[in-house]
Amino acid sequence: MQNYPSHIAIIMDGNGRWAENKNMPRTYGHKKGVETLKEIVKAFIEFGIPSLTVYAFSTENWKRPPKEVKYLMSLFSKTIENEAEELNQQNVQINIIGRRNNLDEKVLKNIEWIEKLTENNNKLELNIAFNYGGRAEIIDAVKKMMKNPNIDLNNINQELISKNLYNPNISNIEYIIRTGGDKRISNFLLWESAYAELYFTDTYWPEFSKNDLKKALDEFTNRKRKFGALDNGDDL
Ligand code: IPE
Ligand code: IPE
Ligand code: MG
């Protein structure tokens, strides 16, 4: 494996437009999007990339028509039920990151079930951002810290904030891939992606393939990452 990122985040965008272009309902695109994710999970395992975080439903996606929201909720829940066994066999650890307070009982139960089922797996860490917002995550982390009597103001640092995010073990994002043509972050992983490299492709998520992923990975290997320092080692 040639210098590939160890943690990639994907904004799986373009499902609706892909379906509309085919004169199909937007929901058809969401359904096909699940198939793409299954293929991409396999590709991650094949390429030996240990962590993947995907954006499945944002805190802003509640603004969509109730019918689409309802479909996405049920698709998420059913996908957990249908895919848990295979993901477990593939040694994939699933973490769902996002707000849980306004999800319904059935969805919550499935979330807790798949997390428990896969908690000891270690081939691929798959974080699924569902009812997730980057700002909501930071707000929730601050609330958690303020409720903890053992935390002193003077001890607040990057590590402590990271430990209070939805997944306390989440590592820094090295690469964000967004499909669907738009060039924005849409409230994804604001804390974790501070120094992530960004990659945008016009390909709609339902059409995104292992080859497209390979292309994105190859581009990453040519990026020069500096983290605020100088890249030539010179002191001024
Ligand atoms: C991404 O596809 C999936 C979700 C946001 C749930 P979209 O549904 O945003 O598809 P477009 O961007 O409208 O094509
Ligand atoms: C981002 O896509 C959220 C997900 C992919 C789940 P959106 O389609 O919601 O983002 P905007 O509205 O184009 O910024
Ligand atoms: Mg979209």
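Which residue places a backbone N or O atom 3.2 Å from an oxygen atom of ligand 1? In this predicted model, local features need pLDDT of at least 70 and side-chain atom pairs count only at pLDDT 80 or more, while totals for chains, interfaces and linings use all residues. Residues are numbered from 1 along each chain as its sequence is written, chains are lettered from A and ligands numbered from 1 in the order in which they are written, and side-chain values use heavy atoms, with hydrogens and water left out.

The residue is Asn15. Such a polar contact is a pair of N or O atoms within 3.5 Å. A backbone N or O atom of Arg17 lies 2.7 Å from an oxygen atom of ligand 1, and a polar side-chain atom of Arg64 is likewise 2.7 Å from an oxygen atom of this ligand. In total, 13 residues surround ligand 1 (a heavy atom within 4 Å).

For Asp13, the distance from a polar side-chain atom to an oxygen atom of ligand 2 is 3.2 Å; for the side chain of Arg184, the corresponding value is 2.8 Å.

Turning to helix packing, helix 2 (residues 26-47) and helix 7 (residues 210-221) have axes 10 Å apart at an angle of about 50 degrees. Helices are DSSP runs of H or I with at least four residues, and axes are lines fitted to C-alpha atoms over the stretch in contact, with angles from 0 to 180 degrees between N-to-C directions.

Methods
Helix = DSSP H or I, 4+ residues; strand = E, 2+ residues; numbered from the N terminus. Polar contact = N/O pair within 3.5 Å; in protein donor to acceptor, adjacent residues only side chain to side chain.
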